[in-house]
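The sequence and structure are shown first.

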Amino acid sequence: MTSGFFYPKTATGASSLIPSPPWHYSGDLLTVEYRTNPDRVRELLPEPLELAEEDPGAVALIWADWQSCSDSRDELLDPVRSQYKEAFVVVRCRYQGTTYSRCVYIWVDKDFAIARGIHQGYPKKFGSIHLTRPHPYGPAPKLEAGARFGATLAAADRRLAQAVITLKEPSDTNGFVNGHPMAHHRQLPSIAGDGQALNEVIESGAKSFEAGPAWRAQAELELFEAPTEELARLTVDEPIAAYFRQVGVVWDGGKVLENR
């Protein structure tokens, strides 16, 4: 008998790359929202998903600096197992008349985060992600008007995106693009080469959520071409807004919308 939520499975399960849910997250989120050509969003939506009816070209590029753990909280006292950063791109879509958010690109810097993404339907890849951390003392920016934060994303030795935001005022929201349950695909090609062994459309989202004050910001965002990445196809045609917020989230599974 072997144990463990994810590979490698062993007699004790201690080697499993990720523990079983629920997974708990504390993090800083830097969000930049903008509009692109809706056709570029449409080409990233596999069937049966359709463009959102309202603001179909809206995009959110989000940088996150996370600490995460299982119910035991053991990972928090062994920080190499809890701390990671990610940058992800969210659009909105429609499934059977309901509007969802969908992550179309995402880069992370730890292997356990990639494994969680495989389970959740996030298209995670390795990347190099950095963002300015707030701090109440010294030269680091505080959460106050005028504070400036930077963020960068690179993968395979190429810079893909960079942003600088300047906090302006408290905000009632942290944006709207990433404000719905997620609609993702969980897919695994058959080892025999005859289609998909797993092909689900799933819905997932936070089991619980708490957050500090959101700050609205002004953003400068640049995207760059790379030979093995397509983020730059989502061109920044019109800025919407930017935000900074500290959040706490619990994730504990989802539901299958459709088996294909």
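Predicted model: local features only at pLDDT ≥ 70, side-chain atom pairs only at ≥ 80, totals over all residues.

Two or more lining residues come from each of β1 (23–35), β3 (58–69), β4 (83–95), α2 (111–120), β11 (196–211) and β13 (238–259). The space in the largest pocket is about 800 Å³. By residue class, its lining consists of 15 nonpolar, 10 polar and 4 charged residues.

The second largest pocket holds about 540 Å³ of space. Its lining is made up of 20 residues, with Ile118, Gly121, His185, Arg186 and Gln187 nearest the centre. At least two lining residues come from each of β5 (98–108), α2 and β10 (182–189). The largest contribution is that of β10, which gives 5 residues. The lining of the second largest pocket has 11 nonpolar, 6 polar and 3 charged residues.

The rest of the structure largely encloses α2, because 7 of its 10 residues are buried. These are Phe112, Ala113, Ile114, Ala115, Arg116, Gly117 and Gln120. After α2 comes Gly121, which has a positive phi, near 90°. Gly121 is also one of the residues nearest the centre of the second largest pocket.

The structure contains 18 salt bridges. Three of them are listed here.

| Salt bridge | N to O distance |
|---|---|
| Arg233 and Glu43 | 2.9 Å |
| Arg94 and Glu53 | 3.7 Å |
| Asp65 and Arg133 | 2.7 Å |

The side chains of Arg233 and Glu43 form one of these salt bridges. Arg233 is in the loop between β12 (214–223) and β13, and Glu43 is in the loop between α1 (38–42) and β2 (50–51), so this pair ties together parts 190 residues apart in sequence. Arg233 counts as partly exposed, at 35% relative accessibility, and Glu43 also counts as partly exposed, at 43%.

A salt bridge also joins the side chains of Arg94 and Glu53. Arg94 belongs to strand β4 and Glu53 to the loop between β2 and β3, so parts 41 residues apart in sequence are tied together. Glu53 is exposed, its relative accessible area being 66%.

Asp65 pairs with Arg133 in a salt bridge. Asp65 is in strand β3 and Arg133 in the loop between β7 (128–131) and β8 (148–155), 68 residues apart. With 12% relative accessibility, Asp65 counts as buried.

Finally, a network of salt bridges links Arg35, Asp55 and Glu238.

Technical notes
Residues numbered from 1 in each chain as written. Heavy atoms only, no water. 1 Å grid on protein atoms, 1.4 Å probe; cavity = no way out; pocket = protein on both sides within 12 Å on 5 of 7 lines; lining within 4 Å. Points joined across faces, edges and corners; volume = space filled by probe spheres on them. Helix = DSSP H or I, 4+ residues; strand = E, 2+ residues; numbered from the N terminus. Nonpolar A, V, L, I, M, F, W, Y, C, P; charged D, E, K, R; others polar. Buried < 20%, exposed > 50% of the residue type's maximum accessible area, 1.4 Å probe, protein only. Salt bridge = Lys/Arg side-chain N within 4 Å of Asp/Glu carboxyl O.
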